[in-house]
Structures are given as structure tokens and as C-alpha cells.
Amino acid sequence: MADRIDTTRLQEMARAYTASAVLYTALDVGLFSQVSAGCRTEEALVAATGLRSVDVDRLVSCALSLRLLDWEGDELHNAPDVEAYLVQGKDRYAGPWMMFTRPDVSGWFQMTEKMRAPASTKLGMYDELTVESARKYHQATSSIGFGAARRFVRSVDLSSRKHLLDLGGGSGAYSITCVEQFDGLSATVLDLPPVVVATQEYIKDAGVEDRVRTVGADFTEGEFPSPVDVVVMASNLPIYNAEVIAGVVARAFRALEPGGEMHLIGEMLDNDRRGPVDAAMWGMNELVCGSEGRAHTRGECEGYFSSAGFVDVEVTDFVAGTLARCVGKKP
Ligand SMILES: C[S@@+](CC[C@H](N)C(=O)[O-])C[C@H]1O[C@@H](n2cnc3c(N)ncnc32)[C@H](O)[C@@H]1O
């Protein structure tokens, strides 16, 4: 007998924006920070936030049903990921990243119009970067980027490598973390000219100015600093189309010494494109932001590497369900 069907899943999807909106408001009013600080009841939350009790009741019901909060007896507690990443002042606070795409909300709801009257450029949202907007952007990316970079150095051994080229390195999260982890390594962060001003501030804060330098350039054009023995490109894959990514990978191959390696970390679709949803959505984000980018499959990424001349090419999970890592070696 065929599975019974109903409209539940479709109705949830039609109103999935409600979950984003609740998360934004919970962060606006400091719900999770207050709970972490000891406001374990709705009365205490009313006193701490100054909101009406009916609105605290509404917000807490949403947060409980979204598994952002939970009960321990009569007391409210943050879910473990909420406690780690959404409590202001904690080391791993990722609020700036969670809020970063909030200004894009209205653009997502103009998707139909954007498809019918498309307007795109190669660099999309990066066309109009200023030093100030780059600083704000990387306050957000660094709140998750350094965690990703720590994961990278746990999974990839660069102890025999000498020089890392970090394409679109942003805050320098990967370069800084890699030189801190591997003694003999130095690094070059290549990013757009307004961005590297912000990058230098992160490098200075980390005290690694002697080992990480920056180059202000557009990685879609020109040859790369050379020679290097590792290239990393992280979290900018869907911004560009196949032609641009294949070109970047080919120029990275040329910049590498024989025996060198490249790592491309990004949101990649499974080869049948049935997921992860997040990878598909980052591709769609490029319609919203006005670039020519799209979501790439794991197989396509392997193809860019093999066509450039890399061998031992493989894609593995980096953060399961979100990020994958394509690696290849230059013979
Ligand atoms: C989402 S951030 C990722 C930053 C860093 N790789 C990380 O994982 O934390 C994407 C970065 O790619 C850079 N980028 C995008 N297009 C670029 C281009 N054409 N040339 C150089 N950098 C670029 C952006 O300026 C930004 O810093």
C-alpha cells in the first residue's frame, strides 16, 4: 500500500521563515544569554528583558518547540549548541554569523522577480566592499571560521609544509590557525584589497605578523604568489560558477611546487543533488546577492582538480551535512 500523504511537510516548509525570525528575535532580546546567566523562569526573563509576559510566553514556547531551550524540572536551560554558540561573551559566540544574512531576508522573498529580471556580476556582493563593510563581514565569518580552521588542523597534517596560500582567506582564520599549529609554516592570505586591511588586524591580534602576510588581489584573475606547497580555499565555492572555480584551481596548480597539495573546502552537493539542502541554498543565495555563482557537486569539484592535473583527488566530509573538503596532490 502506498504511504499515506498529507500536507504537514509542505505547510511547515511554507512557513519555515518563522523559525529564522524567532531565532533573530531571541538573539535581539538576549534570551539565551539571560537563560545562561541564571534567568531560568519566565518571570525572571520578563524582569530581565522588560518584555510583556505574553511575549516571553510566546518566545519561550517557540524556543522550546525548536529545541533551542529545554526543561530541567521547572527550570529553563539552553540546548548544548545554544549554550556553546549563542551566549554573548563566550569564546565560541557565533551570534554575528547567525545574524549576518538577516539583511538578505527581503531579497530572498524577491527571488521570483530576480529570476525573471536577472542582474548579476562576476563578484556579486563583493563588488561593493569597503574596508568598513569587510570588517563587519569578517567579524561574522571569524565567529565560525576559527572553529572550522581548528577542525582543519586536526584533520590535515601540514607539519612538513613550508608555505600556505590561503585564497579568499578573509579574517585569516585558516592561515593564523595553521601557522600557530605547525612550526615551520608561513602563510599568504590573498583576498580583495579592502578585505586585507581587516585581515592584517586579525594577524596583528594573533601576533603572527612575522609568519602571515597578505596580498590584496582578485583571485578570479592573474597568477598566484608562487612557489607554495599548500593551497587552501575555504568557504567561497558557491560564489562562483564552474568556469571561475576551474580557473582558480588550475592557477593554484601552477603556483604549487611538485608534491604540493590543494584543499577546497565548501558547501558541496551530493552528486545526485538531493542534498544537503544548505549547499543548494548557498547556491541560490548567489541569485539573491547578484553573482553568477551556483552550488557545485562533489563530482564537479573532483573534475576541476583532475582537469587541472591534480592526482589522488578525493572529497570527504569536513562538517557532515554542511561542508566537504576536496583534496588533490600535484605530481
Ligand atoms: C565566506 S568568506 C571565507 C573566509 C575564510 N576563507 C574562512 O573560511 O574563514 C569568503 C572570502 O572570500 C573572499 N573572496 C571572494 N571573492 C574573492 C575574489 N574574487 N578574490 C579574492 N577574494 C575573494 C571574500 O572577500 C571573503 O573574504
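In this predicted model, a nitrogen atom of the ligand sits 2.9 Å from a polar backbone atom of Gly168. Two side chains also take part in such contacts. Asp218 places a polar side-chain atom 2.8 Å from a nitrogen atom of the ligand, and His138 has a polar side-chain atom 2.9 Å from an oxygen atom of the ligand. The ligand taken alone would expose 590 Å², and the protein buries 97% of that area.

The surroundings of the ligand can be described residue by residue. In total, 20 residues surround the ligand, and the closest are Asp191, Asp218, Phe219, Ala234 and Tyr240. The shell is made up of 10 nonpolar, 8 polar and 2 charged residues. Helix H10, which spans residues 131-155, makes the biggest contribution to this shell, with 3 residues.

A second salt bridge joins Asp270 and Arg298, whose closest N and O atoms are 4.0 Å apart. Asp270 lies in the loop between S8 and H14, while Arg298 lies in helix H15 (residues 298-308), so this pair ties together parts that are 28 residues apart in sequence. Asp270 counts as partly exposed, at 32% relative accessibility. Another salt bridge brings together the side chains of Asp272 and Arg274, at 3.9 Å from N to O. Here Asp272 is partly exposed at 49%, whereas Arg274 is exposed at 73%. Elsewhere, Arg52, Asp55 and Arg58 are linked in a network of salt bridges.

Most residues other than glycine have a negative phi, and most peptide bonds are trans. Arg273, in the loop between S8 and H14, has a positive phi near 60 degrees. The relative accessible area of Arg273 is 61%, so this residue counts as exposed. Pro276 is found in the loop between strand S8 (268-269) and helix H14 (277-289), and a cis peptide bond joins Gly275 to Pro276, with omega at about -10 degrees.

Arg67, located between helix H5 (53-65) and strand S1 (69-72), has a positive phi of about 60 degrees without being a glycine. With a relative accessible area of 60%, Arg67 is exposed. The peptide bond from Ser226 to Pro227 is cis, with omega near 0 degrees; Pro227 is in the loop between strand S5 (212-216) and strand S6 (228-234).

Finally, the surface carries a nonpolar patch formed by Tyr17, Val105 and Phe109, with about 310 Å² of accessible area together. Tyr17 lies in helix H2 (residues 17-28) and is partly exposed, with a relative accessible area of 44%. Thr49, in helix H4 (residues 42-49), is also partly exposed, at 23% relative accessibility. Between Thr49 and Ser20 there are 20 Å in space, C-alpha to C-alpha, and the two are 29 residues apart in sequence.

Notes. Residues are numbered from 1 along each chain as its sequence is written. This is a predicted model: local features need pLDDT of at least 70, side-chain atom pairs count only at pLDDT 80 or more; totals for chains, interfaces and linings use all residues. Side-chain values use heavy atoms; hydrogens and water are left out. Patches are made of residues with over 30% relative accessible area and no salt bridge: like charges are joined within 9 Å, nonpolar side chains (Val, Leu, Ile, Met, Phe, Trp, Tyr) within 5 Å. Accessible areas come from the Shrake-Rupley method with a 1.4 Å probe; for residues, only the protein chains shown count as cover. Helices (H or I, at least four residues) and strands (E, at least two) are DSSP runs, numbered from the N terminus. Buried means under 20% relative accessible area, exposed over 50%, partly exposed in between (1.4 Å probe, protein chains only). A residue is near a molecule or strand if one of its heavy atoms lies within 4 Å of it. A polar contact is a pair of N or O atoms within 3.5 Å; within protein, one must be able to donate a hydrogen and the other to accept it, and residues adjacent in sequence count only if both atoms are side-chain atoms. Ala, Val, Leu, Ile, Met, Phe, Trp, Tyr, Cys and Pro count as nonpolar, Asp, Glu, Lys and Arg as charged, and the others, Gly among them, as polar.
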